[in-house]
Amino acid sequence: MKKFILVALLLIACTMVGALASCESSEYREKIAGTYYAYFYSSNQGGYVVNKDNYITISPNGKCTYDLSYIAASNGLDPEGYKGKTTYKYNGKKFKLNILLRDAVINDKVIRLGRWYFCQENSLPYETYDNVKYIRYDDDNYQVFGLVNNYVTSVNILTHYNGVKVTSFVERAFTGSKLENVTIPDTIVEIGDQVFENCSELKNVTFMGEITKIGLRTFKECISLKDITIPDSVTAIGDNAFVGCESLKSIVIPNSVKKVGNALFFKCFNLESVTLPDSLTSIEGGMFLNCESLKSVNLPNGITEIGSGAFAGCKSLNNITIPSSVTSICSSAFSKCEELKSIIIPNSITSIGENAFGYCFDFEIYYQGNIAGWNDIAKADNWNKEAVNYTIHCLDGYIVFE
């Protein structure tokens, strides 16, 4: 308790001397419950650290307190474990705090909020070596924190710093930088959210080890990215991970991947070839949205759903076979596929969503069932909005639409 009081006093002192904007001496670290660390940050909204049973508030200006039950409830968490005495107020006004737990690490010991919520970047206790910033995460791990400046074109990422492994990246570590080629060392186990977002000069990424996760928007708008080989140790790829990678022409997602996020390859205008793993259970919404050069895709047998807008705007998509495991084709799944000529639909399909084949023309649907089975499919009223000149071939006949 004495340590927490000391932290609060130091933060108040920092404010009093007018150093609040950067407050370089205002970050503190207290060891909590074993090897877990939590950072004490200060800004003009204060900072705090939480453990399972209570919370501590640090208020540099004496005007703000935090009620974690309010925040927890806003994020669908059980508020009972986060009850406090007061509601968060700052200068007499309530703040919306539901976003503050979005990227929090939650476990039975501590909640540690990300760096973007309570402090400015220059107030964090990072260390620098060869143009790369590193920050201590816990006793056994360092993280790559960022670059000395965003104009660095190449870096050597260390495997160890001060004898401790470098195992991950801080969110947005290299966002917007001018890096051209990156080699990820074999100690890194995951690539976090937005690490390379808007790295417009990035051409190649090489993984030396077995990472398990690629976060959301990791390579978003890397417009020069031409080549990337995803290791077969990866199990999850986040939403929008490759959005806007305009130079990417082909990619293989290994069988180790169990889950991919929404809009994975949205606006990859030059993507021609994709290999999908048998481990996937769905084609997520917007997965290939506006992939204008994509001509064909082999869909895995285990998927059960074609998500909303999954292939919308794939102007070069010529033919596709939907596996017999699929039961649902969602809204706009194949909308505006202008070159679509042939699609095989299994008799396992039970629903076809709004605009699923909208604005397609001169194409053939081959339904692997009889006409009665096709008519029994629950179809949205405008599943074929503005579609013209197509025929539905069934085992016992066909239906022509002109």
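**Whole chain**

I began with contacts, meaning heavy atoms within 4.5 Å: in the protein chain, residues 24 or more positions apart make up 37% of the contacts with a separation of 6 or more. This is a predicted model, so I noted that local features need pLDDT of at least 70, that side-chain atom pairs count only at pLDDT 80 or more, and that totals for chains, interfaces and linings use all residues. Residues are numbered from 1 along each chain as its sequence is written, and side-chain values use heavy atoms, with hydrogens and water left out.

I then looked up the secondary structure and found 4 helices and 30 strands in the protein chain. Both are DSSP runs numbered from the N terminus, helices being H or I with at least four residues and strands being E with at least two.

How much of the chain is buried? I got 48% of the 402 residues; buried means under 20% relative accessible area, exposed over 50%, and partly exposed in between (1.4 Å probe, protein chains only). The chain exposes about 18500 Å², and carbon and sulfur atoms supply 47% of that. Those areas come from the Shrake-Rupley method with a 1.4 Å probe, and for residues only the protein chains shown count as cover.

**Strand S14**

I checked which way the side chains point along S14 (residues 204-207).

Next I looked for partners; two strands pair if DSSP finds at least two bridges between them. S12 (residues 181-184) runs parallel to S14, joined by 4 bridges, and S16 (residues 227-228) also runs parallel to S14, joined by 2 bridges. Asn-204 turned up in both: it is the bridge partner of Asn-181, and its own partner in S16 is Asp-227.

**Glu-284**

I wanted to know where Glu-284 sits, and it is in the loop between S21 and S22. Is Glu-284 buried or exposed? It counts as buried, because its relative accessible area is 15%. Its side chain makes a polar contact of 3.0 Å with the side chain of Lys-259. A polar contact is a pair of N or O atoms within 3.5 Å; within protein, one must be able to donate a hydrogen and the other to accept it, and residues adjacent in sequence count only if both atoms are side-chain atoms. Leaving out residues up to four places away in sequence, Glu-284 touches Lys-259, Val-260, Gly-261, Asn-262, Gly-307 and Ala-310.

**Rings**

I counted 19 aromatic pairs. Rings of Phe, Tyr and Trp (its six-membered ring) pair if their centres lie within 6.5 Å; planes under 30 degrees apart count as stacked, over 60 as edge-to-face and the rest as tilted. Phe-288 and Phe-311 are stacked, because their ring centres are 5.2 Å apart and their planes at 15 degrees. Both are buried.

Tyr-390 and Phe-401 are stacked too, because their centres are 4.7 Å apart and their planes at 10 degrees. Tyr-390 is in S29 and Phe-401 in S30, so this pair ties together parts 11 residues apart in sequence. Tyr-390 is buried at 1% relative accessibility, whereas Phe-401 is partly exposed at 28%.

**The S29-S30 hairpin**

S29 (residues 388-394) and S30 (residues 397-401) pair in the antiparallel sense over 5 bridges. They form a hairpin with 2 residues between them, and Cys-394 stands opposite Gly-397.
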